[in-house]
Amino acid sequence: MPITIKSEREIERMREAGRRLALVHEKLQQVIRPGISTAEIDRLGEACIRDLDSVPSFLHYNGYPASICVSVNDEVVHGIPSEGRILREGDIVSLDAGLIYEGYHADAARTHAVGGVSPEAQRLIDITRECFFEGIRFARAGHHLHEISEAVEAHAEKYGYGVVRDLVGHGIGTHLHEAPEIPNYRQKKRGILLRPGMTLAVEPMINAGTWKVRWLEDQWTVVSADHSLSAHYENTICITEGEPEILTLTAREAEALSASKTEKG
């Protein structure tokens with residue numbers, strides 16, 4: 001599939017899809033607590049998506065059986081929700097969600113603390129988020145794709161973290177996964193030249209230990225090979241002539257980001 005450049009009309013639809021997905025994540029963040037099952041999180045997420053007149057991107061995608069990927073502790077991505085999996089105090093949980101609005105996808109992930117967590121767990125969550133923002137400093141027209149990749153890995157390496165190599169970000173639009181692939185680690189080549197109108201899902205997946213992963217018997221759930229904690233942070237973005245537009249930030253996240261830029265400025 002070739003890399004697509006979106007028209008302003010298409011970007012507007014993706015912008016609306018992103019706004020709706022941000023509302024889903026905002027709702028899910030509010031229900032994360034010790035004692036909730038991962039299946040309940042999935043049910044609430046799917047209901048929220050459908051209440052927003054949208055369709056879950058993940059449900060039945062290549063056979064995946066749920067609408068929200070719920071991954072706990074050492075689970076990197078694609079955890080399958082279950083009635084028997086109950087969140088406990090001190091866990092961390094990654095929620096990966098996608099929806100379709102008027103034929104266009106949005107995709108985003110967040111990792112949350114469940115109650116009080118260890119300083120090490122909170123740092124992993126925070127640094128994984130920082131990896132995303134370090135990467136998208138290069139998500140501008142005229143830069144090359146793998147400048148994003150290199151910046152993500154460089155930031156994670158400062159803390160001795162492992163950057164997952166078996167799973168990558170991707171283009172997004174009328175399909176959930178479009179070209180190009182977006183690794184989170186250095187590449188030998190510069191990759192494609194970024195152009196305005198490209199829409200990308202940039203998603204650092206960072207392990208506290210090794211970068212290596214393995215798949216469980218369900219053929220979906222990916223875990224860190226050494227069972228170290230893993231965190232995931234993803235947004236759908238649009239390349240512009242200037243700073244990239246992040247399409248999937250909640251209102252609170254957007255305000256915090258704006259305040260941070262003002263302080264630095």
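This is a predicted model: local features need pLDDT of at least 70, side-chain atom pairs count only at pLDDT 80 or more; totals for chains, interfaces and linings use all residues.
Three strands form an open sheet, and their order across it is 6-10-13. The pairing is antiparallel. Strand 6 covers residues 162-163 and strand 13 covers residues 230-232. These two strands stand at the edges with a single partner strand each, so one side of each has no neighbour in the sheet.

Strand 10 consists of residues 205-207. Strand 6 and strand 10 run antiparallel and are joined by two bridges. Valine 163 has isoleucine 206, in strand 10, as its bridge partner.

## A helix across the sheet

Helix 3 is made of residues 119-136. This helix lies across strand 10 and strand 13. Its direction is at about 40 degrees to strand 13.

## Salt bridges

The structure contains 18 salt bridges. One of them joins the side chains of arginine 137 and glutamate 134, with a distance of 3.3 Å from N to O. Arginine 137 has a relative accessibility of 47%, so this residue counts as partly exposed. Glutamate 134 has a relative accessible area of 26% and is also partly exposed.

Another salt bridge is formed by lysine 261 and glutamate 243, whose closest N and O atoms are 2.7 Å apart. Lysine 261 belongs to helix 5 (residues 251-264), while glutamate 243 sits in the loop between strand 14 (235-238) and strand 15 (245-246), so the pair ties together parts of the chain 18 residues apart in sequence. Lysine 261 is partly exposed, at 41% relative accessibility. Glutamate 243 is partly exposed as well, at 44%.

Glutamate 153 and arginine 186 form a salt bridge in which the closest N and O atoms are 2.8 Å apart.

Arginine 186, at 35% relative accessibility, counts as partly exposed.

Which residues are linked with this pair in a network of salt bridges? The network is made up of Glu150, Glu153, Glu157, Arg165 and Arg186.

Terms used
Residues are numbered from 1 along each chain as its sequence is written. Side-chain values use heavy atoms; hydrogens and water are left out. Two strands pair if DSSP finds at least two bridges between them. Helices (H or I, at least four residues) and strands (E, at least two) are DSSP runs, numbered from the N terminus. Contact means heavy atoms within 4.5 Å. Axes are lines fitted to C-alpha atoms, for helices over the stretch in contact, and angles run from 0 to 180 degrees between N-to-C directions. A salt bridge is a side-chain nitrogen of Lys or Arg within 4 Å of a carboxyl oxygen of Asp or Glu. Buried means under 20% relative accessible area, exposed over 50%, partly exposed in between (1.4 Å probe, protein chains only).
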